[in-house]
Amino acid sequence: QYNLALKYDNGQGVPQDYAEAVKWYRKAADQGVANAQFNLGLTYAHGQGVPQDYAEAVKWFRKAAEQGDVSAQFNLGVMYDNGQGVPQDYVLAHMWFNLAGAKDEDARKLRDDLAKLMSPAQIAEAQRLAREWKPRPAPK
């Protein structure tokens, strides 16, 4: 299902059709496939195949981020940083950037830039949340 979604999303061997891609991403996302959850979040963030809906994008990014998907963690950090689909929250943005930063240099840069806007107590709280975070396996 996920591979079929990618074909429609990218127009590989089939006409590009974002609505059809969303249908297949949703089927895979509902089964707990983190990549599909992340891509479904992107479709809502960009309004491709669905109306743009930041809250729905956050929902799907969170599902993938909680499984350890680095791209979803990065995007969730961006959503919290910008207050898109969630109230702006630098502590949670820093936490998600910190988690993604273990594998993503851009996330580390955004985390460090964001820290310049935060109090020491906020940074400490974000670091505590990141230390205590544990990935959750996809529901069976």
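What covers the buried residues of α3?

Modeller: In this predicted model, the cover over the buried residues of α3 includes α1 (2-10), α2 (18-30), α4 and α5.

Just after α3, G47 adopts a positive phi of about 65 degrees.

Ten of the 13 residues of α3 are buried, so the helix is largely enclosed by the rest of the structure. The buried residues are A34, A36, Q37, F38, N39, L40, G41, T43, Y44 and A45. Q37, a member of helix α3, has a relative accessible area of 3%, and it counts as buried because that value falls under the 20% cut-off. Leaving aside residues up to four places away in sequence, Q37 touches A29, G32, W60, F61, K63, A64 and Q67.

Two of the covering helices also pack against each other. Helix α4 (residues 54-66) and helix α5 (residues 70-82) meet at an angle of about 140 degrees, their axes lying 8 Å apart, and α4 passes α5 in a left-handed crossing. On the α4 side the contact is formed by Y54, A57, V58, F61, R62, A64 and A65, and on the α5 side by A72, Q73, N75, L76, M79 and Y80. Of the residues in this contact, ten are nonpolar, two polar and one charged.

The largest nonpolar core has 42 residues, of which Y25, L40, F61, L76 and W96 touch the most other members. Two or more residues of this core come from each of α1, α2, α3, α4, α5, α6 (90-100), α7 (105-115) and α8 (120-132), and α6 gives the most, with seven residues. As for W96, its contacts, again without residues up to four places away in sequence, are A65, E66, Q73, L76, G77, Y80 and W133. Among these, A65 belongs to the α4 side of the contact described above, and Q73, L76 and Y80 to the α5 side.

In summary, α3 is largely enclosed, with α4 and α5 among the elements that cover its buried residues, and L40 of α3 is one of the core residues that touch the most other members.

Conventions: Residues are numbered from 1 along each chain as its sequence is written. This is a predicted model: local features need pLDDT of at least 70, side-chain atom pairs count only at pLDDT 80 or more; totals for chains, interfaces and linings use all residues. Side-chain values use heavy atoms; hydrogens and water are left out. Axes are lines fitted to C-alpha atoms, for helices over the stretch in contact, and angles run from 0 to 180 degrees between N-to-C directions. Helices (H or I, at least four residues) and strands (E, at least two) are DSSP runs, numbered from the N terminus. A crossing is left-handed if the near helix is turned anticlockwise from the far one by less than a right angle, and right-handed if clockwise. Contact means heavy atoms within 4.5 Å. Ala, Val, Leu, Ile, Met, Phe, Trp, Tyr, Cys and Pro count as nonpolar, Asp, Glu, Lys and Arg as charged, and the others, Gly among them, as polar. Buried means under 20% relative accessible area, exposed over 50%, partly exposed in between (1.4 Å probe, protein chains only). A nonpolar core is a set of buried Ala, Val, Leu, Ile, Met, Phe, Trp, Tyr and Cys residues joined through side-chain atoms within 4.5 Å.
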